[in-house]
Amino acid sequence: GGGDDAGSGDSGGGGGKITMGFSQVGAESGWRTANTKSIQESAATAGIDLKFSDAQGKQENQIKAIRSFIAQRVDVIAFSPVVESGWDTVLKEAKDANIPVILTDRSVDSQDKTLYKSFIGSDFVLEGKKAGEWLVKEYEGKPEPVNIVELQGSPGAAPANDRKAGFAEVIKADPKFKVIASQTGQFTRTDGKEVMEAFLKAHQDIDVLYAHNDDMGLGAIEAIEAAGKKPGTDIKIITVDAVKDGMTALAAGKINYIVECSPLLGPQLMDLAKKVKAGETVEQRVVTEETTFTQEQAKAALPDRKY
Ligand code: GZL
């Protein structure tokens, strides 16, 4: 069809109310809950009619939802891809239907960048690097081996792949850092606890836990305490996200460092959707603002945390 999206039923442009179809990963973590809240509240504030679908962590449910949004002729489709691969076919269907797609939170490995208008989300490799850099500094001048166990995010997810890669990239600088075990904890507390229990049974000499999100770190803390060890002291813990429960554990000294990953993507997503609908060109990549927290910084920041 033509360059504009007049075919999408709405008059297009700033005219009628925009309808957005959003496919969310699931409800696996505190981060995800905060992200969903941000998207739903921002849509209401922006006057955008949101059709929201929860995929319960399954790619086939996201693909079904996207096909349903296409059939409903929504004005724009947005989603957080649960895994990086396997999206080209359904994204091509959206493109052929002249419905623009915006990626939020996680990205896809599609080579064809015309399949989506923009990707707004964190740089997960950088998050992994920040975690590694803290560890290198923490053990500066100490030559003894540092035995690390790693709780990975859900298999195939961009944050799991990239946080692992970024962290490994930094710690490879010094052979004293050894990842003695690395396994998925599915980004959930329950799985994080179970896998940490297994790690503790298999290894008596764990110095550090690197968990790809707070929720797995919090589950691991339960396992560490049940094993009679002090989290944050006997085993140093680094996590990613900085949701309230993680920051509370950090302030209490049970976690040592948290790399923030902001879930508050809603406002920017709605702005992008309006620009795309109005036919304006938008940045292909919008990187979210985020920082890091030590135990002291968490104590200071906790009162103002929105999620
Ligand atoms: C990161 C997001 C991850 C969070 C986890 O942007 O995709 O998924 O780090 C969440 O808490 O489950």
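What is the mean pLDDT of the chain, and what share of its residues reach 70 or more?

**View 1. Confidence of the predicted model.** The mean pLDDT, the predictor's confidence in each residue from 0 to 100, is 95 for the chain, and 95% of its residues reach 70 or more. Over residues 1-13, however, the pLDDT is below 50, although this stretch has 19 contacts in the model beyond near neighbours in sequence, a contact being heavy atoms within 4.5 Å. Where pLDDT is low, the predicted coordinates should not be read in detail. For the complex, the predictor gives an ipTM of 0.97 and a pTM of 0.94.

View 2. Oxygen atoms of the ligand lie 2.7 Å from a polar side-chain atom of Arg 106, 2.8 Å from a side-chain N or O atom of Arg 163 and 3.0 Å from a side-chain N or O atom of Ser 29. The protein buries 100% of the 320 Å² that the ligand exposes when taken alone (Shrake-Rupley method, 1.4 Å probe).

**View 3. The setting of Phe 167.** Phe 167 is buried, with a relative accessible area of 2% (buried means under 20%), and it touches residues including Leu 135, Ile 148 and Tyr 210.

**Notes.** Residues are numbered from 1 along each chain as its sequence is written. In this predicted model, local features need pLDDT of at least 70 and side-chain atom pairs count only at pLDDT 80 or more, while totals for chains, interfaces and linings use all residues, and side-chain values use heavy atoms, with hydrogens and water left out.

Definitions and conventions. Buried < 20%, exposed > 50% of the residue type's maximum accessible area, 1.4 Å probe, protein only. Polar contact = N/O pair within 3.5 Å; in protein donor to acceptor, adjacent residues only side chain to side chain. Lists of a residue's contacts leave out its neighbours within four places in sequence.
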